Amino acid sequence: MTRNINRPLHPARMSLAEVEAAWQVGGETPLPECTYDPELHVGPRLTIETSEERAARESVAREVCASCPALPACTLYALEARPTSGIWAGRTPDELAGEVVEEREVA
Ligand code: SF4
């Protein structure tokens, strides 16, 4: 798997070429489910959502991630990318940061 994470780009915003560059599994590239509705994972561009709307949106995004064929590769990518917003591999940035800390404590 080749990943270049100088500037974290959410999988929902990736082109197919960027997905292929970010991850491959057994010579195949699992397509991110989030590309079908990017705002579900990264939030709306033109409107401000309430905290309740955001929680509901993120809950649905987590469900999409749970059945996404790219989840294993996306998890590794998200842990390395250290995003600051959005739902990545079914996790918030804070949840991902916690997992990075846990990995360091185990090592
Ligand atoms: S696991 Fe979630 S964030 Fe990652 S590619 Fe799949 S749908 Fe997108």
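Which residues touch the most other members of the largest nonpolar core? They are Cys74, Tyr77, Ala78 and Trp88, in a core of 20 residues.

## Model and confidence

This is a predicted model, in which local features need pLDDT of at least 70, side-chain atom pairs count only at pLDDT 80 or more, and totals for chains, interfaces and linings use all residues. Residue numbers start from 1 along each chain as its sequence is written.

The chain has a mean pLDDT of 86, where pLDDT is the predictor's confidence in each residue, from 0 to 100. A value of 70 or more is reached by 85% of the residues. By element, confidence is highest in H3, at a mean of 97, and lowest in H5, at 81.

## Fold

Five helices and zero strands make up the secondary structure of the chain, and the order along the sequence is α-α-α-α-α. Helices (H or I, at least four residues) and strands (E, at least two) are DSSP runs, numbered from the N terminus.

Of the 107 residues in the chain, 27% are buried. A residue is buried if 20 or more other C-beta atoms lie within 10 Å of its own, exposed if 12 or fewer, and partly exposed in between, with C-beta atoms placed from the backbone. Among contacts with a separation of 6 or more, 48% join residues 24 or more positions apart; a contact requires the C-beta atoms of two residues, placed from the backbone, to lie within 7 Å.

A nonpolar core is a set of buried Ala, Val, Leu, Ile, Met, Phe, Trp, Tyr and Cys residues joined through C-beta atoms within 7 Å. In the largest core, of 20 residues, Cys74, Tyr77, Ala78 and Trp88 touch the most other members. At least two residues of this core come from each of helix H1 (16-22), helix H2 (38-42), H3 and H4. The most come from H4, which gives five. In soluble globular proteins, nonpolar side chains tend to be buried together.

The buried residues of H4 are Ala73, Cys74, Tyr77, Ala78 and Ala81. They lie on the same side of H4, because they cover an arc of only 130 degrees around the axis. The arc is taken over the directions from the helix axis to the C-beta atoms.

## Ligand shell

The ligand is surrounded by 14 residues, of which Pro32, Cys34, Cys65, Cys68 and Cys74 are the closest. A residue counts as near if its C-beta atom, placed from the backbone, lies within 6 Å of the molecule. Helix H3 (51-66) and helix H4 (71-81) are the elements that give two or more residues to this shell.

Twelve residues of the shell are nonpolar, one is polar and one is charged. Here Ala, Val, Leu, Ile, Met, Phe, Trp, Tyr, Cys and Pro count as nonpolar, Asp, Glu, Lys and Arg as charged, and the others, Gly among them, as polar.

## The loop between H4 and H5

Most residues other than glycine have a negative phi. Just after H4, Arg82 takes a positive phi of about 50 degrees. Arg82 is placed in the loop between H4 and helix H5 (93-106), and it counts as partly exposed because it has 13 C-beta neighbours inside 10 Å.

Ala89, in the loop between H4 and H5, has a positive phi near 50 degrees. Ala89 has 27 C-beta neighbours inside 10 Å and therefore counts as buried.

Asp94 lies in helix H5 and counts as exposed, because it has 8 C-beta neighbours inside 10 Å. Asp94 and Arg82 are twelve residues apart along the chain, and their C-alpha atoms are separated by 9.1 Å.
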